[in-house]
Amino acid sequence: MTTRKLAVISAGLSQPSSTRMLADKLAVATVARLNEQGIDTEVQAFDLRDVAQDIMNNMLTGFPSPKLEAVIEAVTGADGLIAVTPIFTTSYSGLFKSFFDVIDNRALTDMPVLIGATAGTARHSLALDYAIRPMFTYLHSVVLPTSVFAASEDWGSGEGKIQTLPDRIDRAAGELAALVVTSDRSNRVLDPFALDASFSPTGGFQSN
Amino acid sequence: MQFGIFTVGDLTTDPTNGQTPTESERIKAILTIAQKVEEVGMDVFALGEHHNPPFVPSSPTTMLGYLAAKTDRIILSTATTLITTNDPVKIAEDYAMLQTIADGRVDLTLGRGNTGPVYPWFGKDIRQGIPLALENYALLRRLWREDFVDWEGEFRTPLQGFQSTPRPLDGVPPFIWHGSIRSPEIAEQAAYYGDGFFSNHIFWPASHTQKMVRYYRQRFEHYGHGTAEQAIVGLGGQVFMARKSQDAVRNFRPYFDNAPVYGHGPSLEEFGSQTPLTVGSPQEVIDRTLGFRDYVGDYQRQLFLMDHAGLPLKTVLEQLDFLGEDVVPVLRKEFAKNRPATVPDAPTHESLKAQAAVKAAEARANGGKGAAFGLTSNPASIGI
């Protein structure tokens with residue numbers, strides 16, 4: 001059976017976190033879609049909260065701790081990425097953005113990315129398209145057409161409403177699976193002696 | 001092997017008492033520290049160059065010129081000289097002058113600078129950092145090696161028949177190190193010319209320094225300057241000592257926690273385990289420093305960052321006593337063990353002079369064939 005790697009990033013803060021719940025649902029749906037196509041999926045899921053201090057330390061010192069480096073390697077070496085953030089003050093959370101700020105800005109080129117967000121009200125749903133999508137476009141990732149937003153009421157209001165969240169999750173998972181199938185990112189042989197992405201041509205300290 | 005210290009010359013408030021030295025106090029402190037380097041038996045004092053507060057050394061050759069008169073033995077160097085924003089003509093003049101005044105006890109470490117706005121302040125574009133470093137250095141080399149220079153490039157007004165004065169002492173330009181934290185282009189440049197490569201080392205994990213130095217060594221061999229193990233490597237280091245480890249950690253922690261570069265970020269323990277920073281007893285510093293050789297090979301120069309983050313002068317001088325009395329003598333002995341005879345020492349004015357004399361003799365023995373192409377291995381012979 002062919003194997004593909006899927007990385008899942010959740011920037012949720014609480015326990016349990018609805019952001020993590022959405023991320024998990026997206027991952028499960030994607031794995032199911034890949035399974036239908038005869039593909040085994042290795043999922044690595046990370047709560048950014050677990051490396052929150054490491055992310056800030058990287059921001060200040062310019063290099064990742066071994067713990068954060070492992071997360072960055074898992075994310076950048078995956079065949080697809082599911083990235084989910086809570087919406088804070090009309091945009092991605094600072095923790096979510098900071099994680100992508102410390103990753104080399106070439107490391108996510110061509111990466112299929114499924115973006116998702118959670119918030120207390122559906123009024124924030126466009127943040128996915130005016131904040132999160134442009135960020136990944138800047139990073140030259142392939143952002144899927146379907147992004148998935150879950151407001152509190154999406155987690156179950158009964159009332160016989162049309163269940164749109166599961167539909168959106170399923171559609172997004174299908175789009176991601178289609179790109180992950182053809183990805184060779186996780187099979188690329190890394191030259192252990194190659195100069196890594198941190199060898200920046202602009203060099204030096206960060207300018208300030 | 002050479003040992004010494006390098007300073008960035010930051011003017012920082014002492015976090016333990018809230019006191020900030022005046023500029024003149026800090027400048028005088030740097031001069032005192034440099035003379036202490038000679039007193040405790042070390043070999044090199046290297047001074048940074050900055051053009052913005054909180055750093056004081058904007059005019060390195062003024063300070064190094066004073067030190068040339070006040071010292072007899074140590075090599076006066078830089079950490080780093082800004083090859084991007086300085087005019088290479090002025091570097092050629094200033095350091096040839098210093099070289100004469102210091103009787104040859106001068107070398108330079110070239111770098112690109114760490115502050116974005118310095119580029120526009122000097123009329124340069126930071127995005128051109130690497131091309132500036134390459135072109136300016138190529139011109140600097142010619143100014144020191146050819147008596148009259150016709151030159152045209154991208155970044156500076158052309159020169160016709162220009163002679164930089166004074167000429168390098170004994171016709172031998174100062175040895176050049178290329179300093180870098182993370183740019184392979186600079187390691188490549190150092191290798192291309194057969195110059196030294198100085199890795200900052202102290203801000204990033206050892207695995208990174210290892211890659212950079214390995215790359216430089218490979219390229220040094222590729223360009224035919226010798227084997228990879230003969231390349232000229234310098235490393236930074238950062239230590240703080242007390243007789244007892246616990247005292248060192250307790251005394252250094254407030255300075256670490258508030259330091260301009262890494263303060264308010266990782267803990268002292270985290271940073272110490274992820275970078276070469278060593279806070280502890282002299283023996284711990286010895287053990288850690290000897291370990292550098294395991295990942296960069298036998299190397300030529302070890303400089304320590306000692307006076308920063310608001311450490312008072314008295315403390316810095318005590319630290320230099322530790323280095324001179326307890327650490328460096330042991331390092332000299334231990335680094336000499338198992339060092340292949342083929343690994344050279346860092347070039348000095350005397351060794352370069354002797355090398356130039358040998359080359360000149362060879363050229364004469366060959367009937368001066370090289371001169372037919374306008375080449376000469378002894379710059380002093382041009383125009384005589």
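The secondary structure of chain B comprises 12 helices and 12 strands, where helices (H or I, at least four residues) and strands (E, at least two) are DSSP runs numbered from the N terminus. Chain B has a radius of gyration of 21 Å, close to the 21 Å that the globule rule gives for 384 residues, so it is as compact as a globular protein of that length. Here the radius of gyration is taken over C-alpha atoms, and the globule rule is 2.2 Å times the number of residues to the power 0.38.

This is a predicted model, in which local features need pLDDT of at least 70, side-chain atom pairs count only at pLDDT 80 or more, and totals for chains, interfaces and linings use all residues. Residues are numbered from 1 along each chain as its sequence is written, and chains are lettered from A and ligands numbered from 1 in the order in which they are written.

**Confidence**

The model scores ipTM 0.82 and pTM 0.89. In chain B the average pLDDT (the predictor's confidence in each residue, from 0 to 100) is 94, and 96% of the residues score at least 70. Chain A averages a pLDDT of 90, with 88% of its residues scoring at least 70. Over residues 197-208 of chain A the pLDDT falls below 50, and this stretch has 31 contacts in the model beyond near neighbours in sequence. Two residues are in contact if their C-beta atoms, placed from the backbone, lie within 7 Å.

**Chain B**

The C-alpha trace of chain B spans about 65 × 50 × 40 Å along its principal axes. An automatic or database domain assignment supplies the domain bounds; chain B is divided into domain 1 (2-346) and domain 2 (348-384). The C-alpha centres of these two domains of chain B lie 30 Å apart.

Of the 384 residues of chain B, 44% count as buried. A residue is buried if 20 or more other C-beta atoms lie within 10 Å of its own, exposed if 12 or fewer, and partly exposed in between, with C-beta atoms placed from the backbone. Among contacts in chain B between residues at least 6 apart in sequence, 72% join residues at least 24 apart.

B:Ala133 lies in helix α5 (residues 129-145) of chain B. B:Ala133 counts as buried because 24 other C-beta atoms lie within 10 Å. Leaving aside its neighbours within four places in sequence, B:Ala133 contacts B:Ile83, B:Thr84, B:Arg112 and B:Ile186. B:Gln218 is 85 residues from B:Ala133 in sequence, and the C-alpha to C-alpha separation of the pair is 21 Å.

**Chain A**

Chain A has six helices and seven strands. From the N terminus on, its elements follow the order β-α-β-α-α-β-β-α-β-α-β-β-α. Strand β1 (residues 2-10) and strand β2 (residues 39-47) of chain A pair in the parallel sense over nine bridges; strands pair if DSSP finds at least two bridges between them. The chain crosses from β1(A) to β2(A) through helix α1 (residues 18-36) of chain A, and this β-α-β crossover is right-handed. That term applies if, with the strands pointing away from the viewer, the path from the first strand over the helix to the second runs clockwise. Within the pair of strands, A:Val8 stands opposite A:Ala45 in β2(A).

Of the 208 residues of chain A, 39% count as buried. Among contacts in chain A between residues at least 6 apart in sequence, 78% join residues at least 24 apart.

**Backbone geometry**

Most residues other than glycine have a negative phi, and most peptide bonds are trans. The exceptions described here are tabulated below.

| Site | Feature | Value |
|---|---|---|
| A:Gln15 and A:Pro16 | cis peptide bond | omega about -5° |
| B:Thr165 and B:Pro166 | cis peptide bond | omega about -10° |
| A:Thr89 | positive phi | near 50° |
| B:His201 | positive phi | about 70° |

A:Pro16 is placed in the loop between β1 and α1 of chain A. B:Pro166 belongs to the loop between β7 (159-162) and β8 (175-180) of chain B.

A:Thr89 sits in the loop between β3 (80-88) and β4 (91-92) of chain A, and A:Thr89 is exposed, with 9 other C-beta atoms within 10 Å. B:His201 occupies the loop between β9 (196-199) and α7 (206-222) of chain B; B:His201 counts as buried, with 25 C-beta neighbours inside 10 Å.
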